[in-house]
Amino acid sequence: MFSSGLSVGDCDDARYMFLTNGPAEEPNGTKALANPVRHRIRPVGQKPAQSVRGLWQHEAVMSPLMRQRIRLIAGVWLGWTVAGLFYIIQETVPRLYRGGAVPWKYVFVGWMTGMYVCAVLTPALLWLGNRWPIEGRVTYAALHLCFSVVFSILATVAEVPILLLLGVFPALPPPPSIAAGVKIMLSFGIQGGVIRYWAVIALHAVYRSQKNAKAREREAFELKVQASELAQQLATAQLSSLKMQLQPHFLFNTLGAIMVLIQQQKTAQAEGMVEKLGDLLRLTLDDVEAQEVPLWREFEFLRLYLSIEQVRFEDRLRVRIAPTPLSDVLVPHMVLQPIVENAVRHGLGQSEEPVTIEVAATSSNGSLNLTVSDDGPGLLSPRPGRSGIGLTNTRNRLARLYGDSAHLVIEQTAGRGVRVTITLPIRTVPHEGSRCD
C-alpha cells in the first residue's frame, strides 16, 4: 500500500487533495457493495476466533515450532496494525485541527488495507533479511535498496484492486483500470513502501543482533559453568590424591611395627595389632569418598589408630582426648592422624620416658581449634625445619578446602614438648549418628 507515502514530503498534500475531493458520504452503489462484503466477512471472522480457542486448548500438545510461528504471525499483524493507527492519527489530527471534514471510511480502510498488505509480505522481507543481512556486508545494503523498490511496487499492485473493490480508492473519479490505479498510487506513494521495507529490515537486524548477543552471553555463561565444574573436579581429584597419600603412609608404618613384633616373637601383640589394623582399614574404607567428616568420627578413627600405637609402645604411650561439645563440626578426614603420628615418632623416638599426647577441640571467634600436644623433648631447633610428608600434605589439604581461613601452627611449649594447632572455620551438617565425646 502506498497511500501511506503521503506522510513524506509533498505526498501528504497529494493525499489530502484526493481525500478532499472524495465524497463526504458513501455513494449508494458503494454502500450496496460494502454491505454484502461485510455480510460475507462476518462468519469468516468467527472461524479464526474458534481456531484460536482450539489452539489454546491444544497448546500443551502443540510443538514449540508451531507456537513460535503463531507468536510471529500475531506480532507481525499487531505491529502493522499499530503502524496503521499511527498513520491514521497523523492524517486526521491536522484535518480536525483545521475544522475540516474527515472521511473516516477512506482514511481508516485505506491505511489499514495498505498496512495489512505489508503484513502479508512481511515473511518474505524477513527471509530476505536473514538471507542477506545488512550488517554482514556493505553490498547487501545496495541489494536491499533494489528489493525495497520491488517491494513497494508489489505492495501497490496488491493494494489497488482491494481499494477499488471496497470503493475507497483515494481519487475521484476512480481509475478505469487497475493499471491506471497502480500508476496513480506509485506517483505519490512509492517512497512510502521503500521506507516501510527498510523499517522492517532495520528492526529485524536489531532483533537479530540482540538474539546473537543473548546467545553469546548464554555460551559464555555455559563455558564459565563448565570451567567452574572442571576446577571443582580438579580440586576434588587433588584432595583425593593428597588423602590417598596418607593412607599407605600410616599403613606401611603399622606393617613395619607388626614385622618388628613378629621378629621379637611377640605373637599375641602382633595378632592384636593386625586385628586393630583391620578395624582401622574398615573404618577408613567407610569414609573413602568423604573429604570432611564430623569431629566425633575423626576422634573415633584417631582412637583406633592410637590403640595400635599403644600395642606397639605399651605403657610408654599415654593418650588423652578431651571431651568436647563440638562433635558435629566438620573437619577434614584424617586431619589429626599425621599430627599424632609425628608426635609419636618424634616424642617417643627421642625420649626413653613415657610421653603423653593430648588432643583437644575448642572454639574461639567462630573458628574451631584442634590442638595436639605432647610432653616429649620438643623441637631440636627453635625454628622447625623442612616438614615431612604428613605435615606438608595436611597444609595442602587445608589450603584446598578452606583457603586462607585455615592455619596450621607448630610451636614449642613453655616447659617441654610440642604443640600443633589447626584452625578451621566452623561448619556443621545434620548427622543422625552424632554424639558428644
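This tour moves from the whole chain to a sheet, its helices and one serine.

**Before you start**

This is a predicted model: local features need pLDDT of at least 70, side-chain atom pairs count only at pLDDT 80 or more, and totals for chains, interfaces and linings use all residues. Residues are numbered from 1 along each chain as its sequence is written, and side-chain values use heavy atoms, leaving out hydrogens and water.

**Whole chain**

Show everything as a cartoon. The chain has ten helices and seven strands. Both are DSSP runs, numbered from the N terminus: helices are H or I with at least four residues, strands are E with at least two.

Of the 437 residues, 38% are buried. Buried means under 20% relative accessible area, exposed over 50%, and partly exposed in between (1.4 Å probe, protein chains only).

**Helix H4**

Select residues 104–131, which make up helix H4. At 1.5 Å a residue, its 28 residues should span 40 Å, and the end C-alpha atoms are 40 Å apart, which agrees. The expected span is 1.5 Å times one less than the number of residues.

Now click Leu-121. H4 bends there by about 45°, and Pro-123 follows within four residues. The bend is the angle between axes fitted to the seven residues ending there and the seven starting there.

**The sheet**

Five strands form an open, mixed sheet in the order S2-S4-S5-S7-S6. Strands S2 (317–321) and S6 (407–412) are the edges, each pairing on one side only. Two strands pair if DSSP finds at least two bridges between them.

Zoom in on S4 (355–364) and S5 (367–374). They run antiparallel, joined by eight bridges. Pick Glu-358: its bridge partner in S5 is Ser-373.

**Helices across the sheet**

Select 295–313 for helix H8. H8 lies across S2, S4 and S5, at about 170° to S2. Contact means heavy atoms within 4.5 Å. Axes are lines fitted to C-alpha atoms, for helices over the stretch in contact, and angles run from 0 to 180 degrees between N-to-C directions.

Next, take 337–349, helix H9. H9 lies across S2, S4, S5, S6 and S7 (418–425), at about 150° to S4.

**Last stop: Ser-307**

Return to H8 and find Ser-307 there. Is Ser-307 buried or exposed? At 15% relative accessibility, Ser-307 counts as buried.
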